[in-house]
Amino acid sequence: MAIERTLSIIKPDAVAKNVIGEIYTRFEKAGLKIVAAKMMHLSQEKAEGFYAEHKERPFFKDLVSFMTSGPVIVQVLEGENAVLTHRDLMGATNPAEAAAGTIRADFAQSIDENAVHGSDSVESAAREVSYFFADDEVCARTR
Ligand code: RTP
Ligand code: MG
């Protein structure tokens with residue numbers, strides 16, 4: 001299987017719940033390595049740019065408002081099949097439909113405040129990683 005990278009965001013609701021460590025533990029237990037990480041409070045412009053693909057959707061304004069409501073933790077995860085492995089750990093977008101034991105089932109309250117983001121393809125991951133990190137901010141984990 002291919003070693004991939006994916007972009008992960010712990011959203012403002014999960015940071016506020018103080019479950020950053022619990023979420024990181026799930027990544028590590030699944031064999032995903034954190035190769036870049038930062039805490040940041042997204043500006044409106046940064047959040048709008050990140051979710052530009054959704055800008056015509058009815059939920060866009062609420063999504064941007066939520067994503068700028070408090071700090072987030074943004075990280076790059078690396079591992080075998082990282083994009084899908086991470087999506088599986090997250091669970092369905094709507095936590096009411098998320099499988100038991102997934103991050104969204106355990107920590108999210110609604111489709112609008114759903115704890116985490118994960119890239120949905122290798123192509124999106126490449127774009128999203130470079131949206132948040134310069135090349136030299138992503139570290140090789142060789143040992
Ligand atoms: P994300 O991008 O945040 O990882 O979530 P996702 O792939 O599971 O879902 P996506 O379709 O990309 O939607 C991005 C975020 O928009 C909100 N959303 N609300 N009310 C709605 O019908 C609706 N649909 C999407 C969610 O917060 C979702 O995470
Ligand atoms: Mg998405």
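Visitor: Ground rules before we start?

Guide: This is a predicted model, where local features need pLDDT of at least 70, side-chain atom pairs count only at pLDDT 80 or more, and totals for chains, interfaces and linings use all residues. Residues are numbered from 1 along each chain as its sequence is written, chains are lettered from A and ligands numbered from 1 in the order in which they are written, and side-chain values use heavy atoms, with hydrogens and water left out.

Visitor: How many helices and strands in the protein chain?

Guide: There are 7 helices and 4 strands. Helices (H or I, at least four residues) and strands (E, at least two) are DSSP runs, numbered from the N terminus.

Visitor: And which pattern does the chain follow along the sequence?

Guide: The pattern is β-α-α-β-α-α-β-α-α-β-α. The radius of gyration is 14 Å, close to the 15 Å that the globule rule gives for 143 residues, so the chain is as compact as a globular protein of that length. That radius is taken over C-alpha atoms, and the rule is 2.2 Å times the number of residues to the power 0.38.

Visitor: What box do the C-alpha atoms fill?

Guide: Roughly 45 × 35 × 25 Å, along the principal axes.

Visitor: How much of the chain is buried?

Guide: Buried residues make up 45% of the 143. Buried means under 20% relative accessible area, exposed over 50%, and partly exposed in between (1.4 Å probe, protein chains only).

Visitor: Contacts next. What share comes from residues 24 or more positions apart?

Guide: 78% of the contacts with a separation of 6 or more. Contact means heavy atoms within 4.5 Å.

Visitor: Which residues have the most contacts inside the largest nonpolar core?

Guide: Leu7, Ile9, Met67, Val76, Phe132 and Phe133, in a core of 20 residues. A nonpolar core is a set of buried Ala, Val, Leu, Ile, Met, Phe, Trp, Tyr and Cys residues joined through side-chain atoms within 4.5 Å.

Visitor: Which element gives the largest share of this core?

Guide: Helix 4, with 5 residues. Elements that supply at least two residues each include strand 1 (3–10), strand 3 (72–80) and helix 7 (122–132).

Visitor: What does Phe133 touch?

Guide: Not counting residues up to four places away in sequence, Phe133 touches Leu7, Ala36, Ala37, Lys38, Val74, Gln75, Val76 and Val138. Another core, of 18 residues, lies apart from the largest one, and Ile10, Leu32, Ala82 and Ala108 are among its members.

Visitor: On to helix 5. Which of its residues are buried?

Guide: Ala82, Val83, Thr85, His86 and Met90. Their cover includes strand 1, helix 2 (20–29), strand 3, helix 6 (103–107), strand 4 (116–118) and helix 7.

Visitor: And Arg87, what is it in contact with?

Guide: Gly118, Ser119 and Asp120, leaving aside neighbours within four places in sequence. Arg87 sits in helix 5 (residues 82–90). Arg87 is partly exposed, at 31% relative accessible area.

Visitor: Backbone now. What is the phi of Asn81?

Guide: Near 55°, a positive value in a residue other than glycine. Asn81 is in the loop between strand 3 and helix 5, and is partly exposed at 25% relative accessibility.

Visitor: Where is Ala115, and is it buried or exposed?

Guide: Ala115 is in the loop between helix 6 and strand 4. Ala115 is buried, with a relative accessible area of 0%. Its phi is positive too, about 70°.
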